[in-house]
Amino acid sequence: MEKRDYYEILEISRDASAEEIKKAYRKKALKFHPDRNPGDSQAESNFKEAAEAYEILRDPNKRSRYDQFGHAGVKNGAAGGGGFGGGMSMDDIFSQFGDIFEEFGFGGGGFGRGGRGGRSRRVNRGTNLRVKVKLSLEEIANGVNKKLKVNKYVNCDTCKGSGAKDGSSFQTCSTCNGMGQVTQVTNTFLGQMQTASTCPSCGGEGKTISQKCPSCAGNGIEKGEEVISIDIPAGVEDGMQLSVSGKGNAAARGGIPGDLIILVEQKEHEHFTRDGNNILYNLYISFPQAVLGTSVNVPTLNGKAKIKIEPGTQGGRILRLRNKGIPFLQAGARGDQLINVNIWTPQEVDKDEKEALEKMMDSTNFKPDPGKKEKSFFEKMREYFNG
């Protein structure tokens, strides 16, 4: 069946303004609203048709494509993938446009018909918990298992979370007849409107307890604690949040427990600074070591590593230890350890050291940008410092 023109559906001109489009849709939607037309399949079809037209014409880009190419220009659906006309439910429409109806007494998320909208029973859900876990760089680099003692709401030990006293029974709520919601009819200038709300007697569960558990007053939960074992993967970052499903607060009367949210906090390290997945280390060597070259041991996140300092190494040079950094989360590869070489300058020297340094000051080899060095320079320096 060929679709009708969207402007025709809303009964507006092709140069209608955004406000005129919205008013026209509101008029159509209220006319064909399910609460005003119970059991009328044609009204439901018209309701969906108006929503599809509004979804296209309210968006300047989609409207422009429609004006140029007609339905072919928006054939992938009103929302860019599956349109209202065939693929989206009434609940989807109310989710998108529910605010348009609220001022007229219609609920934004339901429309009072059996099996649709808000008539499903309420399922209790526990609240989420948030804890902070401090990790060293070594733990972050290798992954770690943490056991956390968490104060939280747990299922009542007396009634095992049911909320009922031993031997008592559950009955269908007489207020809502087990539906979990009650409906109310109000008079508006548009006529009688029907709205639904959570049943005040059963709290939306559809059933009541004949005798409540004395330990938890019928809630099914009580304050307690639990030791939770958590595997934290390698590569997490400071400020990252991890979620453990079902380890938050228990829910009232056997509902769904909340989640445990773990906030990662990275401890300050004695030697290293983190830069993404690389770690930075400041190495200090003496002036003779920089001139003559040497080998030194440096700490890493997994023990020590021996590195070679080439003769004539300048202060500020960066050396790299590949794959000695932090793993990329869920990627397998690792960052590097970057070593910043610093030349240590003594603050005090004795008489002999001062005389030796004064002699060096006259050598072109100890002046900035010395150019070509004497071939025997390193041999002379080794002899001097070893003599």
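The model is predicted. The chain has 387 residues, and 37% of them are buried. Its secondary structure comes to 10 helices and 15 strands.

**The chain as a whole**

- The chain exposes about 22,900 Å² of surface. Carbon and sulfur atoms supply 45% of that area.
- Take the contacts between residues at least 6 apart in sequence: 63% of them join residues at least 24 apart.

**Helix α2**

- Helix α2 covers residues 18–31, which is 14 residues.
- How far apart should its ends be?
- The buried residues of α2 are Ile-21, Ala-24, Tyr-25, Arg-26, Lys-28, Ala-29 and Leu-30.
- An α-helix has 3.6 residues a turn, so residues three or four places apart point the same way.

**The three-stranded sheet**

- Three strands form an open sheet, in the order β1-β9-β8, with mixed pairing.
- The edge strands are β1 (129–135) and β8 (241–244), and each of them pairs on one side only.
- From one strand to the next, the twist averages 30°.
- β1 and β9 (residues 260–266) pair in the parallel sense, over 7 bridges. Within β9, Glu-265 stands opposite Lys-134.
- Ser-245 sits in the loop between β8 and β9. Is Ser-245 buried or exposed? Ser-245 counts as exposed because its relative accessibility is 62%, and the cut-off for exposed is over 50%.
- Ser-245 and Pro-257 are 12 residues apart along the chain, and their C-alpha atoms are separated by 8.3 Å.

**The four-stranded sheet**

- Another open sheet has 4 strands, in the order β10-β11-β15-β14, and its pairing is mixed.
- Which strands stand at the edges? They are β10 (272–275) and β14 (318–321). Each has a single partner strand, so one side of each is left without a neighbour in the sheet.
- Neighbouring strands here are turned by 30° against each other on average, direction ignored.
- β10 and β11 (residues 278–286) run antiparallel and are joined by 4 bridges. Asp-275 has Asn-278 in β11 as its bridge partner.

**Nonpolar cores**

- The largest nonpolar core has 35 residues. Which members touch the most others? They are Leu-135, Ile-232, Leu-283, Val-298, Ile-307 and Ile-339.
- Apart from this core lies another, of 21 residues, among them Ala-43, Ala-51, Tyr-54 and Tyr-66.
- Leaving out residues up to four places away in sequence, Val-298 touches Tyr-281, Leu-283, Gly-303, Lys-304, Ala-305, Ile-307, Leu-321, Gln-337 and Ile-339.

**Positive phi in two loops**

- Most residues other than glycine have a negative phi.
- Lys-160 is not a glycine, yet its phi is positive, near 60°. Lys-160 lies in the loop between β2 (144–155) and β3 (170–172).
- Lys-160 is exposed, with a relative accessible area of 61%.
- Ala-217 also has a positive phi, of about 60°, although it is not a glycine. Where is Ala-217? Ala-217 lies in the loop between β6 (207–209) and β7 (221–232).

Methods: Residues are numbered from 1 along each chain as its sequence is written. This is a predicted model: local features need pLDDT of at least 70, side-chain atom pairs count only at pLDDT 80 or more; totals for chains, interfaces and linings use all residues. Side-chain values use heavy atoms; hydrogens and water are left out. The expected span of a helix is 1.5 Å times one less than its number of residues. Buried means under 20% relative accessible area, exposed over 50%, partly exposed in between (1.4 Å probe, protein chains only). Two strands pair if DSSP finds at least two bridges between them. Axes are lines fitted to C-alpha atoms, for helices over the stretch in contact, and angles run from 0 to 180 degrees between N-to-C directions. Contact means heavy atoms within 4.5 Å. Accessible areas come from the Shrake-Rupley method with a 1.4 Å probe; for residues, only the protein chains shown count as cover. A nonpolar core is a set of buried Ala, Val, Leu, Ile, Met, Phe, Trp, Tyr and Cys residues joined through side-chain atoms within 4.5 Å.
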